[in-house]
Amino acid sequence: MKDLQEILAIARAVGWGAADILRSYYHGTIKDSDLEVQYKQNEPVTVADIAVSQYILENLQAALGNEDFAYISEETYESQSKLASNYVWIIDPLDGTKDFIKKTGEYAIHIALVKERRPVLAVVVVPEAEKLYYATKGGGTFRETRNGSIPVQVSSGKRIEDLTLVVSRSHRHEKLNYLLQNLPCQNQKSVGSVGCKIATIVEQQADIYISLSGKSAPKDWDIAAPELILTEAGGKFTYFDGTPLQYNTGDINQWGGLLASSSEYHEILCQQARDVLAHSNPSS
Ligand SMILES: Nc1ncnc2c1ncn2[C@@H]1O[C@H](COP(=O)(O)O)[C@@H](OP(=O)(O)O)[C@H]1O
Ligand SMILES: [Mg+2]
């Protein structure tokens, strides 16, 4: 098997190629740029999601094969069973499809390599910012642009009341709203896509992201790559009880509460989230 740095170079090249395809649909420069929006379990899917999924899978498989790796992409995922392979690629070809359709510019590509339930390599591309973030376990996080790569690190040194939360535009429900209203940090910024939310934290324009499942939950492909980008930049990303996230467990959903932060107040915020939920009206 190739070493992690060689695999990373392949994943970065595939990430930039995928960004070109998404931008051609987004800006209508591709022939037949009609998005043909359809709905799958209440979530929109467009021809851009499908074209990019195919591009990423074909290119990773051509370079890396199927012997050492299994592949999960949002658009091709079917089975509920855990994949037996030691190394699993977990791919979201277009995270933030709703924002892509609404043209907010806040959409991303997520490519993660998971080893035994934990991410070891991640690429998150934000095509409209022309930025690609990459990380390997223990190797730090880097932001790559046309001008090259530089390491990125999350900020610290603020008071807890001054922290800013990045929140979803589309996935809101009563219990999440109640939780957000009862935390000490009341500055909020709406950003589409989990990858873009984590990029906002890594770029030091926000400090916290909270996901709380309702009737539905985010999936492994929404979280795995952004998690490693944040944690390798010095942040933390855990369940509300402080335990690490797990991927390829047999249930693709990330149920419950997830908290991502620029680290300093992570444990306090997890405790507060647990306390607020313990006091919330159970019927809400
Ligand atoms: N509670 C939830 N239930 C289902 N999916 C969720 C979710 N919260 C976030 N997601 C997924 O996370 C991505 C970003 O959502 P948001 O912009 O609202 O934060 C979306 O992925 P896709 O666009 O790949 O479907 C969305 O489907
Ligand atoms: Mg997604």
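**Reading a mixed sheet and an annotated site**

User: How is Leu-94 to be read in this structure, as buried or exposed?

Analyst: A residue counts as buried if 20 or more other C-beta atoms lie within 10 Å of its own. Leu-94 has 29 C-beta neighbours inside 10 Å and therefore counts as buried. The model is a predicted one. Leu-94 belongs to strand β4. Leaving aside residues up to four places away in sequence, its contacts are Leu-22, Ala-48, Asp-49, Val-52, Phe-100, Tyr-107 and Ile-109.

User: Which residues does the UniProt "binding site" annotation cover, and why can they be said to gather at one spot?

Analyst: An annotation of this kind may be inferred rather than shown by experiment. Here the unreviewed UniProt entry lists Glu-74, Asp-92, Leu-94, Asp-95 and Asp-222 under "binding site". These positions span 149 residues in sequence, but no two of their C-alpha atoms are more than 9.6 Å apart, so they gather at one spot.

User: Where is Asp-92 found, and which residues does Asp-92 touch?

Analyst: Asp-92 is found in strand β4. Beyond residues up to four places away in sequence, Asp-92 touches Glu-74, His-110, Trp-221 and Asp-222. Asp-92 is buried, as 33 other C-beta atoms lie within 10 Å.

User: In what order do the strands of the open sheet lie, and which are the edge strands?

Analyst: In a regular strand, side chains alternate between the two faces of the sheet. In this model, seven strands form an open sheet with mixed pairing, in the order β3-β4-β5-β6-β7-β8-β9. The edges are β3 (69-73) and β9 (148-152), each of which pairs on one side only. From one strand to the next, the twist averages 20°.

User: In which sense do β4 and β5 pair, and which residue stands opposite Val-88?

Analyst: Strand β4 (residues 87-95) pairs with strand β5 (residues 108-115) in the antiparallel sense, over seven bridges. Val-88 has Val-114 of β5 opposite.

User: Which strands does helix α1 lie across, and which does helix α5 touch?

Analyst: Helix α1 (residues 4-26) lies across β4, β5, β6 (118-126), β7 (131-136) and β8 (140-145), at about 30° to β6. Helix α5 (residues 194-202) also packs on the sheet, in contact with β4, β5, β6, β7, β8 and β9, and its direction makes about 90° with that of β6.

User: How many bridges join β7 to β6 and to β8, and what is found in the turns?

Analyst: Strand β7 pairs antiparallel with β6 over six bridges, where Leu-121 stands opposite Thr-136. The hairpin of β6 and β7 has four residues between the strands, and Glu-130 there takes a positive phi near 50°. On the β8 side, five bridges join the antiparallel pair, with Ala-135 opposite Thr-141. That hairpin has three residues between its strands, and Gly-138 in the turn shows a positive phi of about 80°. As for cover, five of the six residues of β7 are buried.

Terms used
Residues are numbered from 1 along each chain as its sequence is written. Chains are lettered from A and ligands numbered from 1 in the order in which they are written. This is a predicted model: local features need pLDDT of at least 70, side-chain atom pairs count only at pLDDT 80 or more; totals for chains, interfaces and linings use all residues. Two strands pair if DSSP finds at least two bridges between them. Helices (H or I, at least four residues) and strands (E, at least two) are DSSP runs, numbered from the N terminus. Axes are lines fitted to C-alpha atoms, for helices over the stretch in contact, and angles run from 0 to 180 degrees between N-to-C directions. Two residues are in contact if their C-beta atoms, placed from the backbone, lie within 7 Å. A residue is buried if 20 or more other C-beta atoms lie within 10 Å of its own, exposed if 12 or fewer, and partly exposed in between; C-beta atoms are placed from the backbone.
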